[in-house]
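This report describes a pocket, charged side-chain pairs and aromatic pairs in turn. Please consult the sequence and structure shown below while reading.

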Amino acid sequence: MANVKYRKLGEEDTKDPQTRDDEEERDSERTLSGNSQKPYSWCNMALKVTTVLVALVIIGAVIIPYVVPAPLHAQCTINWEFPSLNCSGVSNKLVSQIKKWTTADNCPDGAGEKCLYTLKSVTDKELQATHETPVKHYVDDLTFNFMPNGKMCDVKGFSTSETWYAVLDSGTNYCNLHNLITGSGLNETTGFVEKTSDDVCTQYSSADCEKY
């Protein structure tokens, strides 16, 4: 409510017009300031809450990997060494195994997940494929990178869930890769080495590749 000034009856206004205008302007500014204080407070509070939430997300992204040794998204990275094979030999075996497990025939009634692989592309340096779980039909993306090492071959495999919110996977991404290695018999080649850990492979330690 605007401030109203009263003057005694008969009292003369001795202030000059400019002074009166200045006082009225100050009174108007005080009134507007009082009316706008509440909305400003709400905006200020919303800004503070948003700032706190953003800070918590950043802190979580930095701290969680040290508290829980696992990727923040369901995925797996594996490194293999094949001292007795060149990269062409490794690639050919993987392609052959993917083609054998293209249909759901190897997973009767949803038993196991050694099926529903799809070859997407293959070059001398990289193989890309997908794997679909036979029961819930989740799709994972697979990549194999081939790195010649003299007459030997080093391979880096990566599997990741296409489901953006997936965090845990019961070791499925590990098994996506591992099953192709064992199915093709690559794990039985001389000097074969597989390297991974829970730090880079979701639920690796508890993976059951006969089930997943």
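By class, 8 nonpolar, 8 polar and 5 charged residues form the lining of the largest pocket. Here Ala, Val, Leu, Ile, Met, Phe, Trp, Tyr, Cys and Pro count as nonpolar, Asp, Glu, Lys and Arg as charged, and the others, Gly among them, as polar. The model is predicted: local features need pLDDT of at least 70 and side-chain atom pairs pLDDT 80 or more, whereas totals for chains, interfaces and linings use all residues. Residues are numbered from 1 along each chain as its sequence is written, and side-chain values use heavy atoms, with hydrogens and water left out.

The space in the largest pocket is about 410 Å³. Of its 21 lining residues, Thr133, Lys136, Tyr138, Asp169 and Thr172 are the closest to the centre. A pocket is an open set of points on a 1 Å grid over the protein atoms alone, where a 1.4 Å probe fits, with protein on both sides within 12 Å along at least five of seven lines; lining residues have an atom within 4 Å of a point. The volume is the space filled by probe spheres set on the points, which are joined across faces, edges and corners.

The whole structure contains 2 salt bridges, each defined by a side-chain nitrogen of Lys or Arg within 4 Å of a carboxyl oxygen of Asp or Glu.

| Salt bridge | N to O distance |
|---|---|
| Glu81 and Lys195 | 3.3 Å |
| Glu210 and Lys114 | 3.4 Å |

Glu81 belongs to strand β1 (residues 75-82) and Lys195 to strand β6 (residues 193-195), so their pairing ties together parts 114 residues apart in sequence. Helices (H or I, at least four residues) and strands (E, at least two) are DSSP runs, numbered from the N terminus. Glu81 is partly exposed at 30% relative accessibility, as is Lys195 at 48%; buried means under 20% relative accessible area, exposed over 50%, and partly exposed in between (1.4 Å probe, protein chains only). Glu210, by contrast, is exposed at 62%.

There are 5 aromatic pairs, in which ring centres of Phe, Tyr or Trp (its six-membered ring) lie within 6.5 Å; planes under 30 degrees apart count as stacked, over 60 as edge-to-face and the rest as tilted. Among them, Trp80 and Phe144 are stacked, at 5.8 Å centre to centre and 20° between the planes. Trp80 in strand β1 and Phe144 in strand β4 (residues 139-149) are 64 residues apart, and both are buried.
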